[in-house]
Structures are given as structure tokens and as C-alpha cells.
Amino acid sequence: MLDGKFGKSVKKAIEILIALGKIYNAERMVRIGSAQISGISYKNIGDAGIEFLEEFLSDAKVRVKATINPCGMDTEKWKSLKISNKFAEKQFRIINLFKKIGVGIDCSCTPYLIGNKPGFNEHIAWSESSAIVYANSVLGARTNRESGISALAAAITGRTPMYGYHLDENRRANFLINVKCKLESISDFAALGYIVGNKIGNNIPYFRGIERVDWDKLKALGASMAASGAIALYHIENITPEAKIKNMLRSEFREITIESIDDAYIKLNSTRDREIDLVAIGCPHLSINEIEYIANLLKDKKVVTKLWLMTSRKTMELAMKRNLIERIVRSGAEVISDTCLLVMPIENLKIKTIATNSGKLSFYLPSYCNIDVRFGSIEKCIRSALTGVWGD
Ligand code: F3S
């Protein structure tokens with residue numbers, strides 16, 4: 001690859017990975033099963049990013065299953081979302097670059113729900129923080145927190161440097177988190193994730209005291225911790241796959257007890273404002289179960305505040321087959337695919353306050369987009385879409 005025998009793109013890609021491996025003292029490369037690539041939105045990468053990709057990918061083809069993160073718009077209803085023609089043209093150019101080299105162009109941060117689902121112990125190179133932590137923790141796959149470029153280089157070469165979370169010795173937890181409070185809703189798990197990420201940074205937590213949980217709650221927990229603390233891997237006693245089969249706590253660890261998640265509900269509400277401009281649910285992208293749950297809450301009701309449900313196109317199509325989308329749309333809510341609020345040019349929409357159940361979105365929106373947030377459960381968010389105000 002380094003000799004250029006497989007073309008310019010492969011040579012460049014392996015050079016990037018070797019440089020990365022040297023920085024982290026990797027002894028060798030490891031073959032990967034899949035890649036997940038972020039940095040897709042034209043809002044984030046701009047013209048310079050397009051030029052870089054065109055040059056880098058000139059003769060590339062991916063060697064493994066690869067998918068991309070949300071892009072900057074819904075690729076079908078972008079016009080009604082006030083996306084300009086110029087933005088859309090550039091965004092399609094980026095997507096087509098990936099398509100040409102064999103990347104799956106379902107733009108989603110939940111690839112594991114729509115066909116890019118790695119197996120236990122499988123080495124992968126993923127770059128979306130919420131997907132990384134889900135793959136490592138809930139699926140037991142192995143990835144570092146890749147950048148968009150290193151994940152792309154891994155997709156082109158089929159390899160990644162073997163260091164960090166790829167190695168057994170780096171996967172055991174160094175923080176024991178005793179959870180002493182009751183966790184019920186998905187937003188409770190997001191709130192817990194926010195607190196733990198804040199307290200332990202990019203360390204590895206081992207949770208004790210969490211008994212009943214489902215995939216959607218684990219999705220929210222990880223996304224929140226990855227945002228507030230750059231956490232890439234967690235274990236839950238008797239629940240997550242590695243913790244089920246062996247002791248995943250190091251012999252030396254620090255201990256934290258969480259008695260309450262109330263503080264997260266206070267901090268993640270950046271305003272006391274009760275007027276909401278947009279209710280947004282689906283960060284990370286909604287699963288089919290979440291869509292069904294929301295569709296039931298909206299049955300025979302009408303929203304008075306704009307309500308967006310964000311999901312992958314494949315999940316949306318599945319929901320359509322089950323007549324859930326029809327029910328949602330009848331309420332006046334919208335289902336938005338392929339994108340996410342952080343990578344869309346939402347400035348055009350002149351939004352001041354957003355209500356959400358997402359810890360990650362609540363963490364980033366005020367600083368990234370200068371938008372205030374009301375954070376609460378799905379039920380509370382839906383209620384505010386139906387009544388027009390955030391209830392206390
Ligand atoms: Fe996904 Fe965007 Fe949230 S990438 S995790 S919807 S910030």
C-alpha cells in the first residue's frame with residue numbers, strides 16, 4: 001500500500017494510519033470489519049473539505065462495509081426546511097463522493113440499527129462519538145474514537161492501528177459508579193450520562209446498581225457521556241456483554257456514588273423560558289421502538305409547536321410500512337431523516353429555544369448554535385408540542 005501499488009488514495013490513507021499508529025505506539029495494524037465516517041455536513045467541512053475529499057478519494061474504493069454520519073439536510077425535503085440551493089448542491093456533491101467509492105449513504109449516527117452492526121470483539125473504525133460508545137459498550141466491538149479522516153482511511157485500507165480500545169488491557173474500567181437513584185425514562189439515562197461524563201472525563205466507568213434497561217436507554221446514556229466526558233466505553237454489571245463474561249473492573253479503581261440525577265435536569269435546562277420554538281426528539285437518531293412510542297403519544301392529537309422527529313431514512317421507511325409515519329404526520333409533527341440539528345444550518349430557521357430529551361443535544365446546542373434548551377422526558381417534550389409551553 002505504501003509503495004503506491006494500490007493507487008494514490010490507498011497510499012495516502014495508509015500513510016495517515018501509520019502516522020497515527022506511531023503517535024499511539026501501535027505495534028501493528030489490525031483488519032477491521034467496518035468503518036463509520038463523520039464530517040459529512042457541508043456546514044462543517046465547507047469548500048475546503050470538499051476539495052480535500054475530491055483529491056484524497058480520487059482513485060479510492062472502500063475495502064470494508066462503511067457508512068456515513070448525518071449530513072447537513074434531509075435529502076428529500078430540504079427545500080421545505082429552508083436549505084438553500086447552493087447548500088444542497090454542495091451537500092449532494094459530498095454524498096456522491098462517498099457513494100462513488102462504495103460507502104453506504106444512509107446518513108445516520110445509529111448505523112447499528114440499520115445494517116452496520118459489528119459483532120462481539122470485532123475490530124472496527126468508527127468516528128461518531130455516540131455510535132463509538134454504543135459499539136464498544138453495548139455490542140462489545142472494538143474501536144477508538146476515530147476522526148472522520150482516520151475512519152475514512154481505515155475504510156479505504158481495511159485496517160486501523162492496533163492500540164487503545166482494540167487491546168484487552170485497555171478495556172477494563174477504572175471508575176466504579178454506584179447508582180443509588182431510580183432511573184426510569186430515556187432522559188433519566190441521558191441525565192446520568194451527563195453527570196458521569198462530567199465527573200470522570202474520558203475514563204471507563206463500570207456501573208453497579210442499574211437493573212432494568214433497554215437498548216434505547218443505553219443509546220442515550222452513552223451519547224450523553226460521550227458528549228460531556230468523551231467516554232468511548234462503559235460497562236454495566238450483569239448487562240453489557242463483556243461485563244457478563246468477565247471481571248471488567250481493574251484491580252485499582254476509584255469509586256463514585258450517584259444518589260440523584262436532579263442536578264443534570266437543572267444544568268441541562270439552559271433557560272427557564274417556557275416558550276418553545278421547536279421540539280426535537282431523535283439525538284441519537286430514533287429507533288423504530290421510539291418512533292412507535294411517540295406515534296402512540298400523538299394518536300388523535302394535534303401539535304401547536306413545531307415537532308421534529310429525527311431518524312435514519314431506513315428506520316423512517318420501516319415506520320412508514322407500519323403506518324406510524326402517517327399517524328405522526330396527521331398530528332402535524334414532521335419526521336426528518338439523514339440529518340441532525342447540530343450539523344444542519346438551523347440558523348436560517350431563527351430558533352431561540354428547543355425542547356429535547358437528548359442529553360447530547362442539550363449539552364451542545366447552547367454553545368454550538370447559540371440556542372437555549374429545555375431538557376426533559378419524551379412525554380414532557382410531546383406535551384409541550386401539544387400545549388405550546390414547557391410545563392413545570
Ligand atoms: Fe446523532 Fe447528531 Fe445527536 S449525529 S447523536 S443526532 S448530535
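**Exercise 1.** Which element gives the most to the lining of the second largest cavity?

*Solution.* The model is predicted, with local features needing pLDDT of at least 70, side-chain atom pairs pLDDT 80 or more, and totals for chains, interfaces and linings using all residues. Residues are numbered from 1 along each chain as its sequence is written, and side-chain values use heavy atoms, without hydrogens and water.

Step 1: a cavity is a set of points, on a 1 Å grid over the protein atoms alone, where a 1.4 Å probe fits but cannot get out; lining residues have an atom within 4 Å of a point. Step 2: Ala280, Gly282, Cys283, Met310, Cys340, Leu341 and Leu361 form this lining. Step 3: S11 contributes three residues, the most of any element; strands are DSSP runs (E, at least two residues), numbered from the N terminus.

**Exercise 2.** Locate the ligand relative to the domains.

*Solution.* Step 1: the ligand is surrounded by Pro70, Cys109, Glu128, Ser130, Gly282, Cys283, Pro284, Cys340, Leu342 and Lys360, a residue being near if one of its heavy atoms lies within 4 Å. Step 2: strand S11 (residues 278–286) supplies the largest share of this shell, three residues. Step 3: domain 1 (8–163) and domain 3 (268–387) both give residues to the shell, so the ligand lies between them; the domain bounds come from an automatic or database domain assignment.

**Exercise 3.** Describe the largest cavity.

*Solution.* Step 1: its space is about 110 Å³, a volume being the space filled by probe spheres set on grid points joined across faces, edges and corners. Step 2: 17 residues line the largest cavity, with Ile186, Ala220, Cys283, Pro284 and Asn357 nearest its centre. Step 3: domain 2 (172–265) and domain 3 (268–387) each provide at least three lining residues.

Terms used
Helix = DSSP H or I, 4+ residues; strand = E, 2+ residues; numbered from the N terminus. 1 Å grid on protein atoms, 1.4 Å probe; cavity = no way out; pocket = protein on both sides within 12 Å on 5 of 7 lines; lining within 4 Å.
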